Amino acid sequence: MIHQILLIFCFLTGELMQLLPSTWEELLKSDDIEAYEEDIFIAMMIYVQKFNLPETYEVLERLLPWVRLPLMNDRFLEEQVTSILLSYNCLFYKLVYFKGG
């Protein structure tokens with residue numbers, strides 16, 4: 001199980017950055033992650049920035065459906081997630097996965 005502190009530690013030490021997208025996908029699919037969805041989303045968005053732009057979209061397309069957006073704080077979802085997804089032109093994901101959408 002990944003705890004929030006472990007998630008932050010791993011990210012700061014670069015361990016999460018070294019994982020393959022397939023490993024990230026398995027982590028995101030897991031119900032054993034013990035971290036806030038907001039923290040998971042931020043870590044994932046930092047991770048995808050390591051790829052060049054075409055790959056970034058491919059990785060986002062693969063990982064984003066596994067982020068549990070409905071579990072996020074409403075304010076974070078409305079202010080941060082929407083802004084970030086729109087900056088990546090992910091309007092489709094915003095419409096499909098947004099709370100109540």
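A: One term before we start: contact here means heavy atoms within 4.5 Å. With that cut-off, P21, S22, W24, E25 and L28 in helix 2 meet V59, R62 and L63 in helix 4. Keep in mind that this is a predicted model.

Q: OK, on to helix 3. At what angle does it pack on helix 4?
A: About 155°, with the axes of helix 3 (residues 37-48) and helix 4 (residues 53-63) 9 Å apart. The cut-off for roughly antiparallel is over 145, and therefore that's what this pair is. The crossing of helix 3 and helix 4 is right-handed.

Q: Which residues meet there?
A: From helix 3 you have M44, M45, Y47 and V48, and from helix 4 T56, V59, L60 and L63. By class, that makes 7 nonpolar and 1 polar, with no charged residues. V59 and L63 also turn up in the contact with helix 2.

Q: What about helix 3 and helix 5, how do they cross?
A: At roughly 15°, with axes that come within 12 Å. That makes helix 3 roughly parallel to helix 5. Here the crossing is left-handed. Helix 3 brings E38, F41, I42 and M45 to the contact, and helix 5 brings F76, V81, I84 and L85. Of these, 7 are nonpolar, 1 is charged and none is polar.

Q: Switching to rings: how many aromatic pairs are there?
A: A search of the whole structure finds 3. One of them is F41 with F76, an edge-to-face pair at 6.3 Å centre to centre and 85° between the planes. It links distant parts of the chain, with F41 in helix 3 and F76 in helix 5 (residues 74-87), 35 residues apart.

Q: Last one: where is confidence highest, and where lowest?
A: Highest in helix 2 (residues 21-29), at a mean pLDDT of 91, and lowest in helix 6 (residues 91-97), at 47. The chain averages 76, and 73% of the residues score at least 70.

Definitions and conventions. Residues are numbered from 1 along each chain as its sequence is written. This is a predicted model: local features need pLDDT of at least 70, side-chain atom pairs count only at pLDDT 80 or more; totals for chains, interfaces and linings use all residues. Side-chain values use heavy atoms; hydrogens and water are left out. Axes are lines fitted to C-alpha atoms, for helices over the stretch in contact, and angles run from 0 to 180 degrees between N-to-C directions. Helices (H or I, at least four residues) and strands (E, at least two) are DSSP runs, numbered from the N terminus. Angles under 35 degrees count as roughly parallel, over 145 as roughly antiparallel, 65 to 115 as roughly perpendicular and the rest as oblique. A crossing is left-handed if the near helix is turned anticlockwise from the far one by less than a right angle, and right-handed if clockwise. Ala, Val, Leu, Ile, Met, Phe, Trp, Tyr, Cys and Pro count as nonpolar, Asp, Glu, Lys and Arg as charged, and the others, Gly among them, as polar. pLDDT is the predictor's confidence in each residue, from 0 to 100. Rings of Phe, Tyr and Trp (its six-membered ring) pair if their centres lie within 6.5 Å; planes under 30 degrees apart count as stacked, over 60 as edge-to-face and the rest as tilted.
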